[in-house]
Structure formats: C-alpha cells, structure tokens
Amino acid sequence: INEENVEKFASDDTAYYPPMGSYDFLLSQAGRHWGGNSSLANDFGRGALGVEDEHDDCAEWIQADKVMCDNNSEARSICLYSCNVFLDDEVYYENLAEMLGWPTEEDES
C-alpha cells in the first residue's frame, strides 16, 4: 500500500474491515508485510493513526442505539471512534492488557 494505490484499496466495498474510505488507516500500514524485506518476523509496526469521528454527535447517536455499530451502516462508517472500529493506542493497549491479564500501572504502584 502506498500513495499511488491507496485509493484502489480504500474504495473496495467487499470487505467489512477496514471500512471504505479508510485512507489514513491504510497508509499507516504501508510497507508492513509486503515487498522488500518486510515480513511478520521483522515487522516494525504501523505509523500513528489519529482516530476521530466525522460528526461531533456520534457518541450521542451510538449511546442511543448501539446496534448502529454492529452492521455495515452509515453510523459505523462515520463514527469510527465511537463504534470502536479503530482504537487509540492507549485504549487498545489498556484493553489488550486487561484481556491478557497484564499488570496495570495501578497494580505496579
């Protein structure tokens, strides 16, 4: 994935994830596992991805009807943060630590 082909990948409507039009997400993944010496064994991680909803009132919409995020709806596409389609790194690692039973900062103090 690169600047020249990201539009082709982002316009694919056959996949549930990532949502169509996720240019920034796809570019943050550029070069991770494809081409050159890239592989899962020497993966350098992804670039930073700032996750935001497209509308200021997404959190209110989702709170009123959480099912809106469970299907491939307009809400899921425009409320990427509120629907947890993409997570901030901090939220991701907190959830990962909890799932794996890792100690938290609170546990260590």
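**Ground rules**

I am working with a predicted model, where local features need pLDDT of at least 70, side-chain atom pairs count only at pLDDT 80 or more, and totals for chains, interfaces and linings use all residues. I number residues from 1 along each chain as its sequence is written, and side-chain values use heavy atoms, with hydrogens and water left out.

**Confidence**

I checked pLDDT, the predictor's confidence in each residue, from 0 to 100. The protein chain averages 77, and 73% of the residues score at least 70. Confidence is highest in α3, at 87, and lowest in helix α6 (residues 105-108), at a mean of 68. A note to myself: where pLDDT is low, the predicted coordinates should not be read in detail.

**Overall layout**

I found six helices and zero strands in the protein chain. Helices (H or I, at least four residues) and strands (E, at least two) are DSSP runs, numbered from the N terminus. Read from that end, the elements run α-α-α-α-α-α.

Next I looked at burial, where buried means under 20% relative accessible area, exposed over 50%, and partly exposed in between (1.4 Å probe, protein chains only). By that rule, 24% of the 109 residues of the protein chain count as buried. The accessible surface of the protein chain comes to about 8,200 Å², and carbon and sulfur atoms hold 48% of that. Accessible areas come from the Shrake-Rupley method with a 1.4 Å probe; for residues, only the protein chains shown count as cover.

I also looked at contacts, meaning heavy atoms within 4.5 Å. Among those between residues at least 6 apart in sequence, 38% join residues at least 24 apart.

**Back to the disulfides**

I searched the whole structure and found two disulfides. C58 lies in helix α3 (residues 58-64) and C79 in the loop between α4 (74-78) and α5 (89-100), so this pair ties together parts that are 21 residues apart in sequence. The link of C58 and C79 is left-handed, with -75° about the S-S bond, and both cysteines are buried.

C69 and C83 form the other disulfide, their sulfur atoms 2.0 Å apart. This pair links distant parts of the chain, with C69 in the loop between α3 and α4 and C83 in the loop between α4 and α5, 14 residues apart. The torsion about the S-S bond of C69 and C83 is about -70°, so I noted this disulfide as left-handed too. Both C69 and C83 are buried.

What pattern do the disulfides follow, with bonded cysteines counted along the chain? I get 1-3, 2-4.

**Aromatic pairs**

How many aromatic pairs does the structure hold? I found two. Rings of Phe, Tyr and Trp (its six-membered ring) pair if their centres lie within 6.5 Å; planes under 30 degrees apart count as stacked, over 60 as edge-to-face and the rest as tilted.

The rings of F25 and F86 have their centres 4.7 Å apart and their planes at 25°, so I logged this pair as stacked. F25 lies in helix α2 (residues 23-28) and F86 in the loop between α4 and α5, so the pair ties together parts that are 61 residues apart in sequence. Are F25 and F86 buried or exposed? Both are buried.

The rings of Y92 and Y93 have their centres 4.9 Å apart and their planes at 75°, so that pair is edge-to-face. Y92 counts as partly exposed at 39% relative accessibility, and Y93 counts as partly exposed at 49%.

**Helix α5**

G101 follows α5, with a positive phi near 75°.

**Loop residues**

Most residues other than glycine have a negative phi. N84, in the loop between α4 and α5, has a positive phi near 60°. N84 is exposed, with a relative accessible area of 51%.

S11 sits in the loop between α1 (6-10) and α2, partly exposed at 42%. The C-alpha atoms of S11 and G21 are separated by 5.8 Å, though the two are ten residues apart along the chain.

Notes: A disulfide is a pair of cysteine sulfur atoms within 2.5 Å.
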